[in-house]
Amino acid sequence: MASPDGWQLSSPRDGFSLIRTTPYGGGYPTFNVRIVGAEDLPSLQFAGKVHQSGAGRAEYRYERWSNTRGRGYRLEALIDSEGTWLFVDASVWDPARSRDETFFDEVFWPLVNSVRASR
């Protein structure tokens with residue numbers, strides 16, 4: 001897999017991770033995708049909104065996060081890609097009290113829509 005412009009690729013055996021090479025909102029946004037085995041699926045399922053992505057049917061949610069280095073927002077999506085389950089976790093640093101969806105709409109959702117499961 002080739003990484004998109006402006007992102008650095010890491011490929012663990014069960015998926016891939018992208019880290020943006022330029023900062024945004026005080027940190028470096030991350031985008032992670034991993035294949036979910038049937039044994040892990042029950043612990044990852046949640047009730048969220050539904051989106052039909054290029055990879056398949058995605059159930060997703062936004063969450064606020066914080067740690068000692070900062071805070072921000074995360075997009076989590078569980079995608080059923082023709083029987084292969086994918087878990088997407090995309091985080092951006094953002095200290096604002098309300099989520100600015102611009103970065104998600106312009107950067108993360110196009111990445112989600114481009115993910116394909118390979119068998």
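Trp65 is buried, and Trp93 is buried too. Keep in mind that this is a predicted model.

These two residues also form an aromatic pair. A pair of rings is described by the distance of the centres and the angle of the planes. For Trp65 and Trp93 the centres are 5.0 Å apart and the planes are at 80°, which is edge-to-face. Trp65 belongs to strand β5, residues 57-67, and Trp93 to strand β7, residues 84-93, so the pair ties together parts 28 residues apart in sequence.

How many aromatic pairs are there in the whole structure? A search finds 10. Ring pairs also link a cluster, with Trp7, Phe16, Phe31, Phe104 and Phe108 among its members.

Two arginines sit over rings. The charged end of Arg61 is over Phe46, 4.1 Å from the ring centre. Arg99 lies over the face of Tyr62, and there the distance to the ring centre is 4.0 Å.

Now the nonpolar cores. The largest one has 25 residues. Phe31, Leu75, Ile79, Phe104 and Phe108 have the most contacts inside it. Strands β2, β3, β5, β6 and β7 and helix α2 each supply at least two of its residues. Which element gives the largest share of this core? That is α2, with 7 residues.

There is a second, separate core of 6 residues, including Val36, Phe46, Leu78 and Phe87. Phe46 is also the residue whose ring lies under Arg61.

Last, Phe31 again. Leaving aside residues up to four places away in sequence, Phe31 touches Trp7, Phe16, Val88, Phe108 and Leu111, among others. Ser17 and Asp89 are also among the residues Phe31 touches.

Technical notes:
Residues numbered from 1 in each chain as written. Predicted model: local features only at pLDDT ≥ 70, side-chain atom pairs only at ≥ 80, totals over all residues. Heavy atoms only, no water. Phe/Tyr/Trp six-rings, centres within 6.5 Å; stacked < 30°, edge-to-face > 60°. Helix = DSSP H or I, 4+ residues; strand = E, 2+ residues; numbered from the N terminus. Buried < 20%, exposed > 50% of the residue type's maximum accessible area, 1.4 Å probe, protein only. Lys NZ or Arg CZ within 6 Å of the ring centre and 35° of its normal. Core = buried A, V, L, I, M, F, W, Y, C linked by side-chain atoms within 4.5 Å. Contact = heavy atoms within 4.5 Å.
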